[in-house]
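Trainee: I have a model to learn from. Can we go through the terms used for it, one by one?

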Amino acid sequence: METIEEKKTKTKINTKMKISGAEAIVHCLLAEDVDLVYGYPGGAIMPVYDEFYKFQDKLTHVLTRHEQGATHAAQGYARVSGRVGVAIATSGPGATNLVTGIADAQIDSTPMVCITGQVPRHLLGSDAFQETDIIGISNPVTKWSYQITKASEIPEVIAKAFYIAKSGRPGPVLIDITKNAQFEEFDFSYKKCKGVRSYVPTPKPNMGAIEAAANLINQAKKPFIVWGQGVILGEAEEALKAVIEKGGIPAAWTIMGESAVPTSHPLNVGMVGMHGNYGPNMLTNECDVLIAIGMRFDDRVTGNLETYAKQAKVLHFEIDAAEINKNVNADVAVLGNCKETLELLLPLLHENNHENWHSEFKKKHQIEFDEVINNDIRPTKDGLTMGEVIEEINIASKNKAVIVTDVGQHQMIACRYAKFEQSKSNITSGGLGTMGFALPAAIGAKQGAMDREVVAIIGDGGFQMTIQELGVIFQHQIPVKIVVLNNDHLGMVRQWQELFFDKRYASTVMVNPDFVKIAEGYHIESKRISERKDLKATVQEMIASDKPYFLEVKVEKEDNVFPMIPSGASVSDIRLK
């Protein structure tokens with residue numbers, strides 16, 4: 001695939017020329033440095049696809065096998081590259097099939113622009129063939145949406161869409177374009193958007209709040225940092241690391257924030273949340289200052305809010321004012337991009353090490369290692385465990401892979417045991433928990449970072465929700481590595497049924513097809529293993545391959561993911577078994 005720079009040298013966009021709306025859309029995308037679009041054609045968007053054909057030397061279109069796959073691929077691309085992902089579909093069912101991915105992007109703050117075709121303007125509201133009010137449907141799950149009904153609106157609206165999608169707290173934007181607007185000609189000119197009236201994407205930092213935060217941290221005996229994806233989105237990894245190191249502050253991450261600080265860093269104490277690490281969860285209710293950075297206090301992190309960190313002063317570093325005091329009241333709120341606010345905080349902090357406090361995390365970690373971790377990654381049982389598969393992938397990839405996970409037990413295991421040395425390495429569906437996310441997202445992640453190894457970790461249930469996207473891997477020969485951890489169950493639901501529903505396994509047993517034969521049908525190199533003696537060599541072979549590779553690993557059917565905080569319980573009620 002050509003680089004953006006190579007394509008730019010080939011592309012000359014006149015500042016003013018008379019062209020069709022469809023051609024204008026392509027010129028707008030090129031002006032926004034878009035070189036890759038995921039989508040699926042249809043009647044109401046066909047004029048744009050005709051222009052894609054004419055511009056295929058400048059803009060790559062990837063035909064996904066379902067519109068939902070297009071949005072997840074665009075998400076994976078955006079999350080790894082740090083750029084705006086683009087997905088396109090036709091009207092009616094094409095547009096509605098985008099909605100799950102749009103909702104996923106909204107709750108996980110992923111910058112994405114979706115373009116949908118629509119019936120001609122004169123047919124709007126007439127229940128015409130494949131007409132759906134996609135603006136009304138998508139409004140609750142987009143950062144902004146707009147319907148274009150005349151060609152002259154196209155440049156300004158698309159420029160605004162890209163600005164809104166990537167500025168401040170990122171998110172998805174949907175632009176619906178009627179077919180008549182795609183055919184109409186107009187005098188085209190394009191100017192990138194640099195601001196929208198009354199929209200302030202990044203609040204200006206308040207030095208008084210930053211000084212108050214520094215004073216509380218400096219006085220703290222047991223400070224504790226929990227960081228989220230805002231650190232990655234704000235490119236604040238180095239600033240966070242500097243704050244952690246200067247203050248000697250133990251720091252834990254939410255699933256969406258994982259990889260911002262290397263797993264091996266001595267002050268990285270692990271993951272918080274329902275299946276997070278024992279120490280960070282337990283000691284949340286013992287710290288005296290809780291410093292939340294770029295995270296939103298999701299219920300999977302906090303558990304019961306009535307008992308969450310009540311003993312602590314809470315400092316909240318956040319770009320979105322709507323998140324302040326939404327779930328957890330902040331004693332000090334620091335608004336702004338966390339890269340900027342942490343850089344302002346750093347010189348105000350005293351150097352410290354909090355050695356005794358940090359030793360409490362080490363003690364808790366040892367308990368968890370003995371009770372849980374060692375059994376997960378070095379099992380003595382006959383059957384393979386998910387944890388040992390992740391550990392072998394760490395070894396074979398030298399902790400450098402991008403790990404893309406679906407949703408379920410395998411997701412929690414992968415997030416717990418994957419090791420990362422580089423940011424933007426953990427790609428998962430966090431807030432929405434969308435099964436089927438991983439396979440198309442891995443395609444986008446690989447195309448967003450062709451120089452990096454990308455491994456998709458998927459359960460047998462989620463794999464079958466978007467299994468058709470194997471066709472994209474085959475058609476474009478995208479060297480994604482796919483690992484299906486197959487326990488013949490909807491594993492996470494089965495775990496809850498075992499623990500909380502007296503083992504009434506309702507609709508969780510999977511009667512699965514031969515996954516290897518299906519992958520081979522797409523001409524993807526494939527293997528299945530079920531014994532420990534085959535694991536290391538097969539994983540090494542997979543990672544060493546420069547082609548797409550599918551690996552099915554048959555794992556224990558009734559393994560559970562621990563630690564676990566029962567739904568609605570306190571973080572202090574975390575269970576090790």
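This is a predicted model: local features need pLDDT of at least 70, side-chain atom pairs count only at pLDDT 80 or more; totals for chains, interfaces and linings use all residues.

Trainee: What makes the radius of gyration agree with a compact globule?

Mentor: Set the value against the rule, which is 2.2 Å times the number of residues to the power 0.38. For 577 residues the rule gives a radius near 25 Å, and the protein chain has 24 Å, so the value agrees. The C-alpha atoms fill a box of roughly 70 × 60 × 45 Å along the principal axes.

Trainee: How many of the residues are buried, as a percentage?

Mentor: Buried means under 20% relative accessible area. Of the 577 residues, 60% are buried. The protein chain still exposes about 22,900 Å², and carbon and sulfur atoms supply 50% of that.

Trainee: Which strands stand at the edges of the open sheet of six strands, and why?

Mentor: The order is 3-2-4-5-7-6, with parallel pairing. Strand 3 (60-63) and strand 6 (144-148) each have a single partner strand, so one side of each lacks a neighbour in the sheet. Neighbouring strands are turned by 20° against each other on average, direction ignored.

Trainee: How do you know that strand 6 pairs with strand 7?

Mentor: Pairing takes at least two bridges. Five bridges join strand 6 to strand 7 (residues 172-178), so the two count as paired, and they run parallel. Gln147 stands opposite Asp176 in strand 7.

Trainee: What does helix 3 touch on the sheet?

Mentor: Helix 3 (residues 46-54) touches strand 2 (36-39), strand 3 and strand 4 (85-89). Its direction makes about 125° with that of strand 4.

Definitions and conventions. Residues are numbered from 1 along each chain as its sequence is written. Side-chain values use heavy atoms; hydrogens and water are left out. Helices (H or I, at least four residues) and strands (E, at least two) are DSSP runs, numbered from the N terminus. Axes are lines fitted to C-alpha atoms, for helices over the stretch in contact, and angles run from 0 to 180 degrees between N-to-C directions. Contact means heavy atoms within 4.5 Å. Buried means under 20% relative accessible area, exposed over 50%, partly exposed in between (1.4 Å probe, protein chains only). Accessible areas come from the Shrake-Rupley method with a 1.4 Å probe; for residues, only the protein chains shown count as cover.
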